[in-house]
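Look at the model below and keep the sequence beside it. The paragraphs that follow go through a pocket, a cavity, a pair of helices and a sheet.

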Amino acid sequence: MSDHPPFFAQVNRYFDRAAEILDYPQGLLEQIKACNAVYHLSFPLKRDDGTIEVIHGWRAHHSQHRLPVKGGFRLAEQASEDEVTALAALMTYKCALVNLPYGGAKGAIRIEKSDYSEAELERIIRRYTFELVRRNCIGPGVDVPGPDMGVGQQEIAWMHDTYLALSDGEVNAPGAVTGKPVSQGGVRGRVEATGRGVYFGTREAVAQPELMKQLDLPLGLEGKRIVIQGLGNVGYHAGKFLAEDGAVIVGVVEREGALYNPRGLDLDEIRAHRAEGGSLLELEGSERLGSSEGAAGLEWDCDILIPAAIENVIHTGNAPRIQARIIAEGANGPTTADASQILTERGVLQIPDLYLNAGGVTVSYFEWIKAHSHMRFGRMERRFRAMAGERMLSEVEGLVGKSFPSEAYNRVAVGASEEDLVNSGLEETMIEGFHEIRATALERTVDLRTAAFINSIQKVALAYQERGIFP
Ligand code: NAD
């Protein structure tokens, strides 16, 4: 990997590029950019063998221009204060961009998850949550963690349970954390939300005739060849939805190496094989790279590259060799600022992380709203709408003197389930978000990333100005 500045500095480079185009007082820009607080938490873990180990974790509050602050937490060996600060900053801009009423936050615990037993992980998550409670760093109105790398429903359920135990009957306590299992107050559709959002955003981009003409690619997803890095929550779901809509997953890059097959790879087969302890490299393909050279898979021939693992994987060292015409950023911060410049100059379309992976926090927002309403979405109106559809069809039948086939009733006389409503709200957010940044990109003649930062800065600045903090 080539040298690059620290992650937070990279995010600030993107910020500065957009800020230059805007006309705000320097003090306001500095306030938006600064990270308001970073908490470094360390606590002892009693391991299963009786030894004691000190665990390090962080929670960063980048911006409190809106409350609560919101952001996932990750379990990762390379977690650091710089990483968590950069990710919190991205959350500020992401939430502003897609109009979510949150400031930005992020958390991390520095561990390699596979080195710990389930019982140890539970102790770590519960203690981390306890440390957050002690510092007023978790709560439905102050700070709402959710899932990120290495964190699934189990970890979130432990965090939720610990918060509940300490919250003393607080009625909105389930709003203190998102990504919960549905039985614990989670919302249907959250698990796959980020990947589904990546799909919606990518689908919207490839549906733009002028953009595809510039890239010399045919319109639509049908037959588009995709390479994905990271087959976790984001990468797997993004790939699954894209493949269901006609794209072909030709390459997968994972920790143990990379596999390429121009005829297409079956993500479910790969996932199931890896879940049983197998390696990607044992499956059928025309090209494979071992773990030390796996990152070269990012340079494989494809139309769309989806980095969905970690940050800084596209850097000045490989940007000139990337063959994809579109980079759809599922991960946070996968492209360094210098690499992004190179790719822009080479005419590669970059759909930026702060827009493209906003589906996760968007559906987390729906979950947070659900926690405050104490009711499943659609419960009040689902049957009512189905019956209204039925009445409408039978009225029309009476007027035209003909009966509709039962399939017409199945299509029209239905009410939306919670999942339908969540997915529809997500689709709306991603489509609207795409056109907002595209409009700015065209108006200011900038790339989509700079446009996204411009829109975010304007929205955060407005929040400060409306509160009378800056003129
Ligand atoms: P995950 O832990 O579910 O999956 C990450 C995958 O990447 C794993 O399969 C892991 O083996 C693989 N990976 C890790 N390091 C790698 C490397 N060096 N090379 C190749 N593969 C590697 O994590 P996730 O939740 O899917 O998150 C992935 C990215 O998406 C992160 O940048 C995260 O911040 C971002 N993101 C996640 C969400 C969410 O809702 N989970 C939301 C927004 C953004």
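The second largest pocket has a volume of about 310 Å³. A pocket here is an open set of points on a 1 Å grid over the protein atoms alone, with protein on both sides within 12 Å along at least five of seven lines, and a lining residue has an atom within 4 Å of a point. The volume is the space filled by probe spheres set on the points, which are joined across faces, edges and corners. This pocket is lined by 15 residues, and L211, Q214, L349, V446 and D447 are the closest to its centre. At least two lining residues come from each of α7 (209-215), β12 (349-351) and α15 (418-444). Helices (H or I, at least four residues) and strands (E, at least two) are DSSP runs, numbered from the N terminus. Sorted by class, the lining has eight nonpolar, four polar and three charged residues. Ala, Val, Leu, Ile, Met, Phe, Trp, Tyr, Cys and Pro count as nonpolar, Asp, Glu, Lys and Arg as charged, and the others, Gly among them, as polar.

The model is predicted: local features need pLDDT of at least 70 and side-chain atom pairs count only at pLDDT 80 or more, while totals for chains, interfaces and linings use all residues. Residues are numbered from 1 along each chain as its sequence is written, and side-chain values use heavy atoms, with hydrogens and water left out.

A cavity, unlike a pocket, is a set of points where a 1.4 Å probe fits but cannot get out. The structure holds one cavity of 30 Å³ or more, and the volume of the largest cavity is about 60 Å³. Its lining includes F7, Q10, V11, Y14 and L90. Two or more lining residues come from each of α1 (7-19) and α16 (448-466); α1 gives the largest share, four residues.

Helix α1 also packs against helix α3 (residues 81-97), at an angle of about 30 degrees and with the axes 7 Å apart. Axes are lines fitted to C-alpha atoms, for helices over the stretch in contact, and angles run from 0 to 180 degrees between N-to-C directions. The two helices, α1 and α3, are therefore roughly parallel to each other, a term for angles under 35 degrees. On the α1 side the contact (heavy atoms within 4.5 Å) is made by F7, F8, V11 and F15. By class, the contact of α1 with α3 has nine nonpolar, one polar and two charged residues.

Next comes the sheet. Strands of a sheet pair through backbone hydrogen bonds, either parallel or antiparallel. Two strands count as paired if DSSP finds at least two bridges between them. Five strands form an open sheet with mixed pairing, in the order β1-β2-β4-β3-β5. β1 (37-46) and β5 (143-147) are at the edges with a single partner strand each, so one side of each has no neighbour in the sheet. From one strand to the next, the twist averages 20 degrees. Helix α4 (residues 118-134) packs on the sheet and touches β1, β2 (52-61), β3, β4 and β5.

β1 and β2 run antiparallel, joined by 10 bridges, and A37 stands opposite H61 in β2. These strands form a hairpin with five residues between them, where G50 in the turn has a positive phi of about 95 degrees. β2 and β4 are antiparallel over five bridges, whereas β3 (residues 69-75) and β4 (residues 103-109) pair in the parallel sense over five bridges. I109 in β4 is the bridge partner of G57 and of L75.

Conventions
Angles under 35 degrees count as roughly parallel, over 145 as roughly antiparallel, 65 to 115 as roughly perpendicular and the rest as oblique.
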